Amino acid sequence: MAAGTITMLDGDHHLLRLMHLVSPSLPTGAFAYSQGLEWAVEAGWIRNADDLEGWLRDLIAHNLTGVDVPLLDRMRTACQNQDDAALMRWCDLLLAFRETHELRLEEHNRGRAMVRLLEGLAVPLPPSGLVGRSQLAGFALAAAHWQIDRVAAAAGYLWSWLENQVLTGIKLIPLGQTEGHRILLQLDPAVAAAVERGLSLDDDAIGASSPAMAMASSGHETQYTRLYRS
């Protein structure tokens, strides 16, 4: 090997695939949805950076910890085992926890977009078509195919969700880019805690409800003017 040559360990390749998967340029339409945040800003619930940080911290502690992280982990395992029955069960449960028509529609639309993306990246898709029901299932399939470990996959998914929500807040409130990055930094411990706790939950402990988010999402469905998709 020539002097000065840089080599990559297998783990580094997995990290690159994870970076690919959580990139904001991923064409799954995440940028088009606010998940009720646009209505919450319009209603005056979220007026500044501190309000946004508190809103996101609560969602991480409840919805992401209790639903997204544990279900992502189970979907990843189902994809590894090529267990369509388990994948269907976890997809059904996920959709049951999406509390509004808007949130369920986002899950479906981004799921279909994820299928098109994975096809383009030569990731083998199960013939059942289950992955297209949920963008979380598509993320899980990619993580399984690229052998991204469960902790990194959960952290990456959570970070991707959080970054998109912060960017939405930056546009709507509005905030400066530096303020947005401060929020991301402040929420680092919350993300780590959500990954640790979410991955430790038993099946019968999965679940969460965020009434404020459900109200905001419902309100956004009929909001008179909006930047984000309903």
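Colleague: Which residues have the most contacts inside the largest nonpolar core?

Modeller: They are Trp55, Ile60, Met75, Leu87, Leu158 and Leu162, in a core of 68 residues. Helix H3 (residues 49-80) supplies the largest share of this core, 14 residues. This is a predicted model, in which local features need pLDDT of at least 70 and side-chain atom pairs count only at pLDDT 80 or more, whereas totals for chains, interfaces and linings use all residues. Residues are numbered from 1 along each chain as its sequence is written, and side-chain values use heavy atoms, with hydrogens and water left out.

Colleague: What makes a set of residues a nonpolar core?

Modeller: The members must be buried Ala, Val, Leu, Ile, Met, Phe, Trp, Tyr or Cys residues, joined through side-chain atoms within 4.5 Å. Contact in general means heavy atoms within 4.5 Å. Beyond four places in sequence, Met75 touches Leu87, Trp90, Cys91, Leu94, Ser134, Leu136, Ala137 and Ala140.

Colleague: Why is Arg110 called buried?

Modeller: Its relative accessible area is 11%, and buried means under 20%, exposed over 50% and partly exposed in between (1.4 Å probe, protein chains only). Arg110 therefore counts as buried. Arg110 belongs to helix H5 (residues 101-120) and, leaving aside neighbours within four places in sequence, is in contact with Thr28, Gly29, Ala30, Tyr33 and Gln135.

Colleague: Why is Ala96 called exposed?

Modeller: Its relative accessible area of 59% places Ala96 in the exposed class. Ala96 is in helix H4 (residues 84-97).

Colleague: How many helices and strands does the chain have?

Modeller: There are ten helices and zero strands. The elements are DSSP runs numbered from the N terminus: helices are H or I with at least four residues, and strands are E with at least two.

Colleague: How do you know that the span of helix H7 agrees with its number of residues?

Modeller: The expected span is 1.5 Å times one less than the number of residues. For the 23 residues of H7 (residues 150-172) this gives 33 Å, and the end C-alpha atoms are 33 Å apart, so the two values agree.

Colleague: What span does H3 have between its end C-alpha atoms?

Modeller: H3 spans only 40 Å, whereas a straight helix of 32 residues would span 46 Å. H3 also has a kink of about 55 degrees, centred on Leu64; the bend at a residue is the angle between axes fitted to the seven residues ending there and the seven starting there.

Colleague: How do you know that the chain agrees with a compact globule?

Modeller: The radius of gyration is taken over C-alpha atoms, and the globule rule is 2.2 Å times the number of residues to the power 0.38. For 230 residues the rule gives a value near 17 Å; the chain has 18 Å, and therefore agrees.
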